[in-house]
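This briefing covers a predicted model.

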Amino acid sequence: MSACLNSVYIAAAKFCRQRVFMVCGAVFAMSGAALPPAPALAKTLIYCAEASPGGFDPGLYTDGATYAASSQTVYSRLVEFAHGSSAIVPALAESWDISPDGKIYIFHLRRGVKFHRTPYFKPQRDFNADDVVFSFDRQVNKANPWHNYLEGQSYQYYESMDMPNIIKSVEKLDDYTVRFELNQAEAPFLADMAMDFASIVSKEYADRLAAAGKMREFNSKPVGTGPFILVAYQKDAVVRFRANPEFWRSRQALDKLIFAITTDNAVRAQKMRAGECQLMAYPAPTDIPMLEADKNITLMRGVDMNVSYLAYNTQLPPFDKVEVRRALNMAVNKKALVDIVFGGFGTVAVNPMPPSLWGYNKAIAPDIYDPAKARQMLAQAGVKNLRLQLWALPVSRPYLPNGRRAAELIQSDWKAVGVETDIVTMEWGEYLKSATDKSRNSVVMMGWIGDNGDPDNFLATLNSCAAIGTANYAMWCNKAYDALIDQAKRITDQHERARLYEQAQVIFKEQAPWLTLAYGTALMPVAKRVKNFHVDIHAIRFDDVDID
Amino acid sequence: MRFIVQKILYLVPTLIGITLVAFAFIHAIPGDPVLIMAGERGISPARHAELMAQLGLDKPLWQQYISYIWQILHGDFGISYVSKEPVLSEFMQLFPATLELACCAIVLAVFIGVPAGMLAAVKRGSIFDQSAMGLSLLGYSMPIFWWGMLLVMLFSGYLGWTPVSGRIDLSYYFEPVTGFMLIDSLLSGEEGAFSSVARHLILPSIVLATIPLAVIARQTRSAMLEVLGEDYMRTARAKGLSSFRIYAVHAARNAMIPVITTIGLQVSALIAGAILTETIFSWPGIGKWLVEAIFKRDYMTVQGGILIIAILVMAVNLLVDILYGIINPRISKA
């Protein structure tokens, strides 16, 4: 019966192409159930991405959707994170030496690495030290024409990781050796080199585009050394890649990789169930039970690399008193909050960094939920009839999918200890702007997703004195804490660093500048026929993935 | 000729007004592109100021507006802050998708709405009339997002009859020629590509057509009822004409004048509806593009996008006015 329908369909399709195709199309469309399936795909993986990439030059962007389509597919870095962990493994650099003072890094580059051969670029030479020097120089050197090749561009990630102050110079020693000199010892430096902004671009390609007056194409027609080559990009619709036959590690098992851009998470879940994609980004907690129940889908869990929290403004009363902050922390039933807001896919946060990171202090106990004691502590601190503003996170994030719901639960808990809470929501841009205002007399809900698997990326980025005005929303400055994290940054012995970070977490917990809320679990619905996929900590990656 | 020149001259203040409104609207939204790009990471005030200056956003608003207008006069709609691509080229890439969907939706709305409205008027008070008008009221009042998701869950998720989203099955790949997938799929010569495109159009077209269909059906019914009560209809019946001739020729032709006006007005409703429909069905059109640009404070894209749409709408209106003038010279002399 089905074969008969198919032959009728094919004959009709031929007729349509020759004749009245518009009318036939509508008739065909209405008989969707009788249509044959699309042609079989040989080793093609379709990934339902949450957004379009901003562009394909990873230096210019800071969002995961762009990295998934550029740095993680098209490009490689000197070093990279091992699948599923933050361990650093060799990539374009086969090995490296670090000077005893931690200021000099010498990278020995891999030989025979080819840049992508595409219809728009045929490389004449292999990857070498010139590409490494160029990749970093363009991000910091204002005299480099590639520093400002697009209107209104900036190398924001490079800057926000403080690279212009960390790296003193990048120098080519020979074709396959590069020397990085730092201004001072910086323990997380190797991890920084595995980050997306450190992707290595082709100097030869850049020179050719500059000579042809087509510099703009550097962001739309990328050339890298990564596992996949860009074939086509249709904005807001689809990104197509093919396997790089000359990939320096080995040719990928997949022939084609397709990103189906699907912004709505409920629609992504439906596409997953319908088999229209085999991997999807960021499922909504409400769709998890449906996806879990599907026999063709596996719900893979990754390592938590995030934290959500409430930041008090520790410089203004009443939050300048540690007793008040601790009392408010004690009044919130975090377990109930995490169960409700994360639907079981989150854990109560204890420290300002997740337990998956080395240096996490396991000895620190979670905040006790004790409303009676909290009420008593507030009274002892002289706080009566407290009425405060709580800002509810206006966007959904892996570290907190529903800020409004979380705020309502906190409001109810605080009310039980006599604290009245006004929940404030505002537009995300305004939220970000106002949250850094030092005169802000309110509690801000915020969160963070780790960049490089180094504790410094949480403890210093979010709580150092220097971060006030940027990511230190609690405006908290503690000299003893700062000294510990600064010292930890200057030494390379990981055990010693871990010990210092553990001490810093003790101070943090005593001082309670935050109400630590939750560590969100990274979830990835994956079709069962997909093999070797890992829920990576720092990015969505497709290298080494296979499909039946 | 004088009529046409006059019409074109009227467009100038309208266009200036639109640029002003679009400019004021996007700048009135709190936050700025630099802050949004920085996200949770935050940005120091000094660096923020530097990047704002790089984007030309440090100048007083009136200066920014004037330089924007100057740019427009030189045919430059600006560069997107996010993609760093020219706004006009992004628009040209995405507009065919919206146009294709809107055309399918309006065809669906007219081909179902007009006959349904006529039949409801002819069978006034019947079960068909009451059901049709009840359904049109439901269609008009239904939240589009909810309706779209409902259809996706039923027809794509549960029954598996239609694809969930997108414009074509991704196993097909061909270079776009016109940007209209129905045409490009035929030009590609790939077996099954056209039917895949058609299947992908079903649900989005139904969702987008829902409100215009309801409006057209109701308008057709009331226009028909008005015509059916006219003296010349009684005369037609007295002359012994067949029912078909009375309704199809005498009644329908006269009732169509307000209906055509209504159909024209639904074009703007389609653009508004496209924003939601494109989001539900991951349809790569200008509605979704503009919404995302607003979220990211991509000022140039929002301003440029609105202005290009306005120019297109005004061009169509001008064309219609000119045609009216040709058809009925009394209009051009008025």
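**Cysteines and chain contact**

With a relative accessible area of 36%, C477(A) is partly exposed. Its disulfide partner is C465(A), with an S to S distance of 2.0 Å. Over all chains, the count comes to 2 disulfides.

Disulfide C465(A)–C477(A)
- The torsion about the S-S bond of C465(A) and C477(A) is about 95°, so this disulfide is right-handed.
- Both C465(A) and C477(A) lie in the loop between α16 (456-463) and α17 (479-490) of chain A, so the pair ties together parts 12 residues apart in sequence.
- C465(A) counts as buried, at 17% relative accessibility.

Disulfide C48(A)–C277(A)
- The sulfur atoms of C48(A) and C277(A) are 2.3 Å apart, and both residues are buried.
- The torsion about the S-S bond of C48(A) and C277(A) is about -95°, so this disulfide is left-handed.
- C48(A) lies in strand β1 (residues 44-49) and C277(A) in the loop between α9 (265-273) and β11 (279-280) of chain A, so the pair ties together parts 229 residues apart in sequence.

Interface of chain B and chain A
- In chain B, 62 residues are in contact with 73 residues of chain A.
- About 5,600 Å² is buried between the two chains, and carbon and sulfur atoms give 58% of that area.
- On the chain B side, E40(B), R41(B) and L170(B) lose the most area to chain A, together 16% of what that side buries.
- The interface holds 5 salt bridges; one of them pairs R47(B) with E159(A), whose closest N and O atoms are 2.6 Å apart.
- The side of chain B that touches chain A divides into 33 nonpolar, 15 polar and 14 charged residues.

Key. Residues numbered from 1 in each chain as written. Chains lettered and ligands numbered in written order. Predicted model: local features only at pLDDT ≥ 70, side-chain atom pairs only at ≥ 80, totals over all residues. Heavy atoms only, no water. Contact = heavy atoms within 4.5 Å. Buried area = accessible area lost by both parts, 1.4 Å probe. Salt bridge = Lys/Arg side-chain N within 4 Å of Asp/Glu carboxyl O. Nonpolar A, V, L, I, M, F, W, Y, C, P; charged D, E, K, R; others polar. Disulfide = S-S within 2.5 Å. Helix = DSSP H or I, 4+ residues; strand = E, 2+ residues; numbered from the N terminus. Buried < 20%, exposed > 50% of the residue type's maximum accessible area, 1.4 Å probe, protein only.
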